[in-house]
Amino acid sequence: MSAPPKTVLTTTPEEEAAIRLAVRTVDPLTLGPGRVIAGPEHAASLTAMLADPRVSDPIYDLPRPITEANVTAWIAQAARQRETGDAVLILSLDPQGEVAGYSKFSVWPDRSSAELAGATRADLQGQGNGGKGAAHSFGWMFQELGVRLIGLTAALDNVRSAKVIEAAGFVQMGERESLRPDGTLRRSHYWEMTRDQWAHAHRL
């Protein structure tokens with residue numbers, strides 16, 4: 001399950017309300033073409049993508065076992081979280097309308113913070129687009145959701161994600177234990193970046 005960043009920021013009621021409104025009303029197309037808010041109509045295709053261990057194995061907060069029923073419930077949970085301004089699940093669809101990737105943005109509006117988890121379909125991996133896509137998502141979180149801090153985790157053996165995160169300029173802050181939905185723990189590398197740091201590095 002997602003956990004807020006280690007660094008604790010405080011917000012005003014106005015900032016918290018603005019972030020919740022942004023999460024509830026964000027246009028997925030601002031993230032990129034072919035993006036949609038996940039709905040029950042996407043459950044079968046999303047399940048097929050996540051059933052591939054090359055996609056799902058490195059990700060700690062997915063519903064397991066990965067069945068269509070569990071994925072449908074996960075989509076419904078994300079919809080409820082979006083209504084309260086606490087998360088949004090966005091899918092990338094290919095030209096045939098099948099799920100090509102997902103991004104789950106977990107948000108803590110009272111701390112102006114967020115976390116990103118996501119994956120790309122196995123046949124689309126390894127094409128050199130991961131770093132560029134991740135950097136775009138980070139900038140989008142700061143701009144469109146209005147948060148001031150992003151925290152990220154990656155499994156200790158997930159070298160590919162670690163390289164993408166560090167290339168984007170995130171600062172490694174040791175390790176943390178990530179709680180899986182089944183109650184077990186996964187030890188993870190941990191990074192953070194503030195909006196000011198991002199703006200300085202990327203001239204946002």
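Helices here are DSSP runs of H or I with at least four residues, and strands are runs of E with at least two, numbered from the N terminus. By that rule, arginine 160 lies in helix H6, residues 159-167. This is a predicted model, where local features need pLDDT of at least 70, side-chain atom pairs count only at pLDDT 80 or more, and totals for chains, interfaces and linings use all residues. Residues are numbered from 1 along each chain as its sequence is written, and side-chain values use heavy atoms, leaving out hydrogens and water.

**Arginine 160**
- Arginine 160 counts as exposed because its relative accessible area is 52%, and the cut-offs are over 50% for exposed, under 20% for buried and partly exposed in between (1.4 Å probe, protein chains only).
- Glycine 126 sits 34 residues from arginine 160 in sequence, with 9.9 Å between their C-alpha atoms.

**Overall fold**
- The protein chain has seven helices and seven strands.
- Starting at the N terminus, the order of elements is α-β-α-α-α-β-β-β-α-β-α-β-β-α.
- The C-alpha trace spans about 40 × 35 × 35 Å along its principal axes.

**Packing**
- Of the 204 residues in the protein chain, 45% are buried.
- Take the contacts (heavy atoms within 4.5 Å) with a separation of 6 or more: 65% of them come from residues 24 or more positions apart.

**Surface**
- The protein chain's accessible surface is about 10000 Å², and carbon and sulfur atoms hold 54% of that; the areas come from the Shrake-Rupley method with a 1.4 Å probe, and for residues only the protein chains shown count as cover.
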